[in-house]
Amino acid sequence: MVIRLATRADLDAIAALEANQWEAELAPDQRGGMMTGQSFSRQQLDELIQNHWLLLAEVGGEIAGYVIAGRWPFFGDWPLYRYLLKRLETGRFETGSGIINKANSCQYGPIWIAPSLRGSGLFADMVAKLKVLVAPQYTYMVTFIAEENERSFAAHTQKGGMQVLDFFEFDGRGYYLLAADTASTI
């Protein structure tokens with residue numbers, strides 16, 4: 001297995017996965033309803049590859065997983081991210097290693113792992129590698145997980161080394177706000 005940064009040559013394969021797997025983070029009974037996954041356009045994926053972090057896991061030349069981290073301005077068009085930034089600017093979110101703010105953090109996620117490799121350790125390996133890549137620029141990676149998405153919450157807190165900072169509601173749904181220190185090991 002190889003874990004590496006995506007290149008523009010990977011764009012078609014990543015775009016196809018996004019089109020087919022955008023609700024994969026949800027349990028089958030949660031798909032197609034009010035709860036939706038996050039999806040990126042081909043142009044947004046290209047922007048992530050060129051100017052942010054889009055990490056791939058490959059097995060036999062096929063994409064077996066990917067994870068994204070991006071600087072806050074990239075996410076500014078989405079209302080939920082604007083809300084998160086406002087919370088980071090006005091709140092006081094502390095971890096054992098410091099206070100998280102817009103300047104010392106970036107957005108983490110989503111992450112997708114092929115169903116056949118879930119539970120194999122790939123999740124933790126990808127998050128650990130992403131931390132190494134992000135660490136020179138940011139102390140923290142911040143994300144949110146919908147309250148209903150118990151699988152993702154368990155993976156991030158148990159395998160991804162993420163700490164719950166807060167619980168908030170946005171647009172009638174509950175979310176956990178989580179963060180990982182990029183200098184910490186999983």
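The model is predicted. Its secondary structure comes to 5 helices and 9 strands. From the N terminus on, the order is β-α-α-β-β-α-β-β-β-α-β-α-β-β. The protein has 186 residues, and 48% of them are buried. It exposes about 9000 Å². Carbon and sulfur atoms supply 49% of that area. Take the contacts between residues at least 6 apart in sequence: 68% of them join residues at least 24 apart.

The largest nonpolar core holds 36 residues. Within this core, Ile14, Leu45, Leu54, Ile100 and Phe168 touch the most other members. Several elements each supply at least two residues: helices H1 (11-21), H2 (42-51) and H3 (79-90), along with strands E2 (53-59), E3 (62-70), E7, E8 (163-170) and E9. H3 gives the most, with 5 residues. A second, separate core has 23 residues. Val67, Tyr108, Phe123 and Val134 are among them.

Leu54 deserves a look of its own. Leaving aside residues up to four places away in sequence, Leu54 touches Arg4, Leu5, Ala6, Ile14, Leu45, Leu48, Ile49, Tyr66, Val67 and Ile68. Ile14 and Leu45 are also named with Leu54 in the largest core. Val67, by contrast, is included in the second core.

Next, helix H5, residues 150-159. Its buried residues are Ser152, Ala155 and His156. Seen down the axis of H5, these fall within an arc of 90 degrees, so they line one face of the helix. What do the buried residues of H5 pack against? Their partners are strand E6 (105-113), helix H4 (122-134), strand E7 (140-146) and strand E9 (173-181). The face of H5 turned away from the buried side carries exposed Glu150 and Gln158. Just after H5, Gly161 takes a positive phi of about 65 degrees.

Last, the loop between H4 and E7, where Gln137 lies. Is Gln137 buried, partly exposed or exposed? Its relative accessibility is 44%, so Gln137 counts as partly exposed; the exposed class needs over 50%. Not counting residues up to four places away in sequence, Gln137 touches Trp53 and Arg71. Gln137 and Arg71 are 66 residues apart in sequence. Their C-alpha atoms are 9.8 Å apart in space. Their side chains are joined by a polar contact of 2.8 Å.

Terms used
Residues numbered from 1 in each chain as written. Predicted model: local features only at pLDDT ≥ 70, side-chain atom pairs only at ≥ 80, totals over all residues. Heavy atoms only, no water. Buried < 20%, exposed > 50% of the residue type's maximum accessible area, 1.4 Å probe, protein only. Helix = DSSP H or I, 4+ residues; strand = E, 2+ residues; numbered from the N terminus. Arc of directions from axis to C-beta. Contact = heavy atoms within 4.5 Å. Areas by Shrake-Rupley, 256 points an atom, 1.4 Å probe, with all protein chains shown as cover. Polar contact = N/O pair within 3.5 Å; in protein donor to acceptor, adjacent residues only side chain to side chain. Core = buried A, V, L, I, M, F, W, Y, C linked by side-chain atoms within 4.5 Å.
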